[in-house]
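Me: I have a new structure open and would like to learn how to read it. Could you take me through some of its features?

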Amino acid sequence: MHSGIKNPVVKIIFYAILVIWGFSVLYPLLWTLLDALKDNEQFFFNAPWALPEVPLIWSNFSYVWSKYNFDRYFINSIVVTGGSTLLGLLLSAMTAYVLARYKFRGSGALYLLYISSMMVPFILALIPLFFLMNSLGLINTTIGLVFVYASSVLAFGIFVLVGFFKSLPKELEEASIIDGASHYGTFFRVMLPLSQPGLITVGIVNVLNIWNEYIVGTILINDPKHYTLPVEIGVMQAEMQYRTEWGPLFAALLMTIVPVLVIYIVFQRKIASGITAGAVK
Amino acid sequence: MKPVSEKRQRNLFIGTFIIPTFVFFCIFTIYPVVQALYYSLFDWSGMSEHKTFIGLGNFKDMFKDPIVLRAIGNDYFLVVGKIVGIMIIATFFAVALTRFKFKLAGFFRSIFFIPNVISVVVIGVLWNFIYNPQIGFLNAFLSLFTEEKVDIAWLGFTSHTIWMLLPPAVWAGIGFYMILIIAAIQNIPDSFYEAAELEGAGQWRQFRSITVPLVWEQMKVSIINIMMTTLNGSFVIVWIMTEGGPDNSTQVMGSYLYQMAFRQYHFGFAAAIGVLILGLSLITTVVMQRLLRHETVELS
Amino acid sequence: MAVNKKAAALGLAAVVALTSLAACGKGGNDSNGAASPSASPSESATPSDSASPSASPSASGSESDGGGTKLTGDFEIQYFVGGYGDKWWKKVIADFKAANPDLNVIEAGGPKINDQNKPRWIGGNPPDFVYIDGPNLNDRQMVEDGQLEDLTDWLKDAKNVDGDKILDILAQAPQQYDGKIYNIPLVLNSWGIFWNKALFKDKGWTEPANFDEFMQVSDKIKADGITPFIHTGKYPYYINGAFLYPAIVSNNNDDYTILQKMATNDIEAYKSPAVLAALNQIVALRDKGFIDKASIQINHTDSQMLFLQNKDAFIPNGLWLPNEMAKDVPQGFDFGFIPSITQKAGGKVVANTSTATVAVAKKAKNKEAAKAFLQFIFSKAQASQWAELSGAPSNIKGDISSSNAPNFVKDAAKYLTDPNTIVIPTITFNADVDKAMQDATDALTISKITPEEWVKRVTDVVAKVKQ
């Protein structure tokens, strides 16, 4: 194999571009951390990139954690993200399996319906959803948010998992059926474990999306008890109109970023394969 | 086992696996969409108990409303800007990180994706601080090179303020599409490039005659995907950063929908804007499919 | 829908059971009082409650002696937390709880509460009591949508806990919608222009008392390297409330009815030369380069911080400003304030009041408690507590000069009661018109449009709203 670019000048330029972009991506994280340790005065009088003055105001973190109830929002976000990802996975895996393996009247149409729903702007459904949830008594409830998020990831899950189930060899199921297992047994004991890589991929992508979701949460959750992290960030930014607490705001941003960053670092490859699978339409 | 009962079992299985998902989907996705179409035909404040049926009145009003037209313009500006910005940069990175054999390619690939795992809300708040005229990053940075302190209100130009929302949108979108294109490039057999190499084709030639045609399908998907996510979702960053202002200069359809519904009490009109978004994104998808397919033929 | 109704029915059953017990305990000392507690929580759907004004005054009569009527069940209060903070609310709710130990008072407060509770108003399940303040809660719209309880008859002779007639002690009377009253002003505040007296003294600038002086001193300020004027461009209702509306009144020979006509969507009022003249005063500021360029994109705190750091000399704002920024006010900073700056030399000061009102939801489940709460908060004691804890004048007449209220609150009260001040009663514009005016003013400040275009734009919207 050759060694890529030959012209050293071009190579240096390209390299510089990569480094600059890398910097532009990493720096905001560092900046968030540094600013989370400042007080209002420093925001005002020092350059934005200035290092925070000693003593560092670590208390901004505990302040956000307790005063802004981030402990609760953190748990809410975990419950909502976990619950809706699992529910969404289960529901989409079931349908995906049937669509991939069983032919029946309307199966093609059903698949098409799910897939084409990905084209519908979610914001269109937002207003009616709000009234629907209101009349179902699901507004302001964690379970309501879980239902909506789970439903919103169905199409993506079905799309990816149908492809995944189709790629699995049929012999395994046939053997299972011959062994006398029911359709259910085959699915739960044979197919589901086999499809683990696909499930994880879909799951991780959904976790990231749901963790970060803002607008649906803002509209369906009005009770601070049930806020998720992004909703609270929006609220905090709005509150900055009445009270100036930039340091805590940055601390809050960082707390929201870190969990997804960790998930990303751990599951990098899965995420890459997930988005690749999702986009090949 | 008798075939009849086997058939029934099969149907039962299909039913139990299909129906719960479908019911769920109908309640939380289909029903709201259908309702939106219905609401769009009414004059309704959202809070009031009575709605007045006005047929297509909302749609007629919409095309007389200069802000709707501006919002459509802004949306398509973002669509075009993001497609151009993201595709060029993402493609460059994808090629650089696969074909150019840089050291640390894996590292760059990992960190370039980071903005995509961060919530748009967080990104909006961060960029607000970058653009802040007094304590912002950008003005402080520019002030390093000028004698007087730079005090540009980046989000407050008389017009074209929408331009300022493009950098955060592009910045946040690159990683995702870079990964897509990288995956496509990695599917190209090395032998293609080796053959080109033997013929003495340089990187540029290889890019134009091998990479682009072979990843075109993926690029097409990316372009359509950018278009759709922009029309459907760009309003979150708009709302967080400017609320559509000043003087509606950064309004997009989604933010105007939100403004109309939750700020100015026109739920019916807002629902009609939602229908407009749906219509435009469908039409644009069809048009783009056409345009891009055409080009594939030319290239291959 | 079904789920909701069922749950509501269950809840109602429980409430009815509780309230009827309470009624028994009270021994039915008066027939009306006994009838209304069981009627009001259960009959959220029927208008009978609002149509029985005879019940309420007598209930209030018995309430006035403290534990006369036993309030039970849930009672939910929605209050927006903005510049006035929430100290007073916490305190008054605690006091009210103490006075009504059997009542389960639920608080729904916060800076986003107006957005947050919107679904419940829409869904017909609103809190019982609402404090109408802050963005995205428009009393006019709420009245039009039939969300607020008609208080006209009740208020006619409602007395507070001290036995004073509520209407008699209000500094500003409630706004009427077609002769009906739905909400009562709780806070009486004023828009106006602030500066830092210390800075002015330091630099030898004259504190302005009219528009000419204002322009002259701004020239000096600018020459001294400080930007004269900053406003909150992201939310242009600040500059409208504190600068434009008083200017319109000043230019209309101090006759504020022009604003009231504008609020009723009278197109001719918008076309009045007074409006144009007022807009031209903004243009004068703009063309002299007095307006800080940062204004257009920044929100309250950003603009206020700049003002507090003496980077800008004047800021249009409301009297809640000192309290709102209390934490960030630098040492030695001394607020100077005038309700309006656009009058001619020798002209009267125009105070555009900003009230925040309270109301009872039409679909409240515990109207009894809501009305008792009204009687509780519209008292002298709570008024001075409000002034003290929220740093704003309350809407209850009375001399607060001896209270613990901060000085600028006393100053403001002085302005508002001065016979030489034109006091504009609070006006709520139609939401669309309001937004159009805000956008247009923003556009005007950045030279995007002319005053004539401002008028054209706004009257177009008014015409559309009128159809």
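This is a predicted model: local features need pLDDT of at least 70, side-chain atom pairs count only at pLDDT 80 or more; totals for chains, interfaces and linings use all residues.

Me: How far apart do the end C-alpha atoms of residues 111–131 of chain A lie, and how much of the span is helix?

Reply: Residues are numbered from 1 along each chain as its sequence is written, and chains are lettered from A and ligands numbered from 1 in the order in which they are written. Helices (H or I, at least four residues) and strands (E, at least two) are DSSP runs, numbered from the N terminus. In your span, the end C-alpha atoms are 28 Å apart, with 81% helix and 0% strand. Residues 73–99 of chain A are 100% helix and 0% strand, with end C-alpha atoms 38 Å apart.

Me: Where does UniProt place the feature "transmembrane region" in chain A?

Reply: UniProt positions are given here in the numbering used for this model, with shortened feature names, and annotations may be inferred rather than shown by experiment. The unreviewed entry places "transmembrane region" at residues 12–34, 73–99, 111–131, 143–165 and 246–267 of chain A. For chain B, UniProt lists "domain: ABC transmembrane type-1" (unreviewed entry) at residues 72–288. That stretch of chain B is 74% helix and 0% strand, and its end C-alpha atoms are 17 Å apart.

Me: What is the radius of gyration of chain B, and what would a compact globule of 300 residues have?

Reply: The radius of gyration is taken over C-alpha atoms, and the globule rule is 2.2 Å times the number of residues to the power 0.38. For 300 residues a compact globule would have a value near 19 Å, but chain B has 24 Å. The C-alpha trace of chain B spans about 90 × 75 × 35 Å along its principal axes. Chain B holds 13 helices and two strands.

Me: Which domains is chain C divided into?

Reply: Domain bounds come from an automatic or database domain assignment. Chain C has domain 1 (10–41 + 73–187 + 356–390) and domain 2 (189–355 + 419–466). Their contact takes 14 residues from domain 1 of chain C and 12 residues from domain 2 of chain C. The C-alpha centres of these two domains of chain C lie 33 Å apart.

Me: Why is strand β8 of chain C largely enclosed?

Reply: A residue is buried if 20 or more other C-beta atoms lie within 10 Å of its own, exposed if 12 or fewer, and partly exposed in between, with C-beta atoms placed from the backbone. Seven of the seven residues of strand β8 (residues 312–318) of chain C are buried, so the rest of the structure largely encloses this strand.

Me: Which strands pair with β8(C)?

Reply: Two strands pair if DSSP finds at least two bridges between them. β6(C) pairs with β8(C) in the antiparallel sense over four bridges, and C:G192 has C:N317 as its bridge partner. Strand β7 (residues 227–229) of chain C pairs with β8(C) in the parallel sense over two bridges, where C:F229 stands opposite C:F314.

Technical notes: Two residues are in contact if their C-beta atoms, placed from the backbone, lie within 7 Å.
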